Amino acid sequence: MMSFSVLQVKRLQPELITPAKSTPQETKFLSDIDDQESLRVQIPIIMCYKDNPSLNKNRNPVKAIREALSRALVYYYPLAGRLREGPNRKLVVDCNGEGILFVEASADVTLEQLGDKILPPCPLLEEFLYNFPGSDGIIDCPLLLIQVTCLTCGGFILALRLNHTMCDAAGLLLFLTAIAEMARGAHAPSILPVWERELLFARDPPRITCAHHEYEDVIGHSDGSYASSNQSNMVQRSFYFGAKEMRVLRKQIPPHLISTCSTFDLITACLWKCRTLALNINPKEAVRVSCIVNARGKHNNVRLPLGYYGNAFAFPAAISKAEPLCKNPLGYALELVKKAKATMNEEYLRSVADLLVLRGRPQYSSTGSYLIVSDNTRVGFGDVNFGWGQPVFAGPVKALDLISFYVQHKNNTEDGILVPMCLPSSAMERFQQELERITQEPKEDICNNLRSTSQ
């Protein structure tokens, strides 16, 4: 692989892309799931495309995406508006058509030269997604920033930053798919967007009917070697789970759990255990892991329209004292993760909305002994085709403090999962050691594998 010394990205001045036709000037309420404190953040996503002359001779990706974006905003016009905060911290969208921030850029580098620098934790993110001063607020700022950077190989990188209160991953995918369809010549999105955020308003009167460990401050908390507020010593690193790692982890699971546990459950149990060991947490302290569970789909019984693009998830938490989590085999953590995920249903989501309204839209508990994981491997970012085929990589670009995103990754020829983690630097070294230990094949297995491959 070729290398480059210093990446120079030339950016034009940002412009505001407005809907291609006039759209309703109105005010729309966000849901009571959307406007919780935890979602008042900006989420970065990166999508990398190769040149594809057979599909797109002489087409300019910037021009194609800019025009399609403007046309898609006719349907998704609230995204061109601005957020305002009303009484009781309720967020509303002022659908004023001010527009989305769009940046055209070019870089004197090829996709091949960039190599794995486009993968999480993406050290070049600030080049491909420049944070224009004053653009990244939650209230009264553009709700999306998109930068399209053309590369010398003919490929391009689309990086975006989304105000999370407006959409979750599934909702963002609907919008990106609409842009992609229009860039390929469609006159309207194949799935029309549905606002209807009142479907996830709190009940009247609101009533908390489920246990929500994710919003509780745990008693007996000591911050150990982790202080969420001290960002100066935090480091990011990504870890790969392929066939070998999953095989080793599955061998540690009791038979009654193997048939019902997903890859996501197993990786989550593994990360939770290794992270707790790495942070040297007081053995008596309660530690938690939350799995972001989408409410869409049949099994969670939340009836939402197909085109609903708001936030429709909860993150039920598994909870344990640190000592049994660290000392027990992996099956202990796995069982807790599975039980927590199984609590998610329509009643759970409605109870979350009610809690958020009753308690003033709080943040999830943000102690260091807490990990939140989000599975983005099946969202579908890898299917977004603007006319240049599928992206070589697409998904979230880094961990956000306590939150890790699982992304699909092809390692040479093998499909696996890449997980970025954010930890204090001293704990990161220990985390890597614990992870290597738990995913290491026993020596006799390595010998048997060698024998079976040499026969």
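**Domain 1 against domain 2**

Between domain 1 and domain 2 there are 23 residue pairs in polar contact, both residues at pLDDT 80 or more; a polar contact is a pair of N or O atoms within 3.5 Å, one able to donate a hydrogen and the other to accept it, with residues adjacent in sequence counted only if both atoms are side-chain atoms.

The model is predicted, so to speak of local features requires pLDDT of at least 70, and side-chain atom pairs count only at 80 or more, while totals for chains, interfaces and linings use all residues. Residues are numbered from 1 along each chain, and side-chain values use heavy atoms, without hydrogens and water.

The domains are 12–200 and 232–441, with bounds from an automatic or database domain assignment.

How much area do they bury? About 5,100 Å², 68% of it on carbon and sulfur atoms; this is accessible area (1.4 Å probe) lost on being put together, summed over both parts. In domain 1, Tyr-49, Pro-120 and Leu-200 lose the most, together 13% of what that side buries.

Finally, the interface has three salt bridges, by the rule of a Lys or Arg side-chain nitrogen within 4 Å of an Asp or Glu carboxyl oxygen. Asp-168 and Arg-296 form a salt bridge at 2.7 Å, N to O.

Technical notes
Buried area = accessible area lost by both parts, 1.4 Å probe.
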